[in-house]
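Take a moment with the sequence and the 3D view. We will start with a helix and a sheet, then follow the strands, and end with aromatic rings.

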Amino acid sequence: MRLNQNILLLGKKVVLVPYTAEHVPRYHEWMKSEELQRLTASEPLTLEQEYAMQCSWREDVDKCTFIVLDAERWQAQPGTTEESCMAGDVNLFLTDVGDPSLGEIEVMIAEPSCRSKGFGTEAVLMMMSYGVTKLGVTKFEAKIGQENEPSLRMFQKLHFEQVAVSSVFQEVTLRLTMDERERQWLLEQTSHVEEKPYGDGSQEPR
């Protein structure tokens, strides 16, 4: 999605930056993991296919993708590369033609050292806030593998409720509708987030 290609979102634990070609090699290495392929229901791609996918996602109007960076590592010293700070990614898919206010959200904290630190929770909250305030999203869905208990617990803590279970795909669908009370709660949870300009994948830590 071109809408988010020039912005950076700075949180307490994570920084969200647009998915650029700079990030592809590290992302490609992550997706060689059979565990991540299973958890994300993904097929392994070649490096060339991964670059093509990154270009496609940048151009698609119905896919909003941010790479999740470890904020502490990213801010530790000037000149730190984003690739060395990558923790995962967070995505919002606006693919329901009949309901443009519905967004399917997913998050992956791929770097083992970055797990169980609240990175996924903050990344999801930041993406939800972006979806609500910039993209007109009022309903969120998350489709989680039945065995992925950490993700199920995380989304339930963020007020998502289970609405369906697919034994065929072995996944649970959770949903959250943003009424005024939920919207205010979300904006309170993300009031610390700063939006900054981002250019050419070469943003220096601040």
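This model is predicted. Start with helix H5, which lies across S1, S2, S3, S4, strand S5 (102–109), strand S6 (139–145), strand S8 (171–177) and S9. Its direction is at about 155° to S5.

Now look at the sheet. It is open and has nine strands, in the order S7-S8-S6-S5-S4-S3-S2-S1-S9. The pairing is mixed. Strands of a sheet pair through backbone hydrogen bonds, either parallel or antiparallel. At the edges are strand S7 (161–166) and strand S9 (194–197), and each of them pairs on one side only. On average, neighbouring strands are turned by 25° against each other, direction ignored.

Follow some of the pairings. Strand S1 (residues 7–10) and strand S2 (residues 14–18) run antiparallel and are joined by two bridges. Here Leu-9 stands opposite Leu-16 in S2. Next, S2 pairs with S3 in the antiparallel sense, over five bridges. Val-17 faces its opposite residue, Ile-67, in S3. S3 is then joined to S4 by seven bridges, and these two strands also run antiparallel. Phe-66 has Val-90 in S4 as its bridge partner.

How many of its eight residues are buried? Eight of the eight are, so S3 is mostly covered. In a regular strand the side chains alternate between the two faces of the sheet. In S3, Lys-63, Thr-65, Ile-67 and Leu-69 point one way. Cys-64, Phe-66, Val-68 and Asp-70 point the other way.

Turn to the aromatic rings. The structure holds five aromatic pairs. One is formed by Trp-57 and Phe-93: the ring centres are 5.7 Å apart and the planes stand at 90°, so this pair is edge-to-face. Trp-57 lies in helix H3 (residues 47–59) and Phe-93 in strand S4 (residues 86–93), so the pair ties together parts that are 36 residues apart in sequence. Is Trp-57 buried or exposed? Its relative accessible area is 16%, so Trp-57 is buried. Phe-93 also counts as buried, at 13% relative accessibility.

Phe-66 and Tyr-130 form another edge-to-face pair, with 5.5 Å from centre to centre and 90° between the planes. Phe-66 sits in strand S3 (residues 63–70) and Tyr-130 in helix H5 (residues 119–134), so this pair ties together parts that are 64 residues apart in sequence. Both Phe-66 and Tyr-130 are buried. Elsewhere, ring pairs link Tyr-19, Tyr-27 and Trp-30 into a cluster.

Definitions and conventions:
Residues are numbered from 1 along each chain as its sequence is written. This is a predicted model: local features need pLDDT of at least 70, side-chain atom pairs count only at pLDDT 80 or more; totals for chains, interfaces and linings use all residues. Side-chain values use heavy atoms; hydrogens and water are left out. Rings of Phe, Tyr and Trp (its six-membered ring) pair if their centres lie within 6.5 Å; planes under 30 degrees apart count as stacked, over 60 as edge-to-face and the rest as tilted. Helices (H or I, at least four residues) and strands (E, at least two) are DSSP runs, numbered from the N terminus. Buried means under 20% relative accessible area, exposed over 50%, partly exposed in between (1.4 Å probe, protein chains only). Two strands pair if DSSP finds at least two bridges between them. Axes are lines fitted to C-alpha atoms, for helices over the stretch in contact, and angles run from 0 to 180 degrees between N-to-C directions. Contact means heavy atoms within 4.5 Å.
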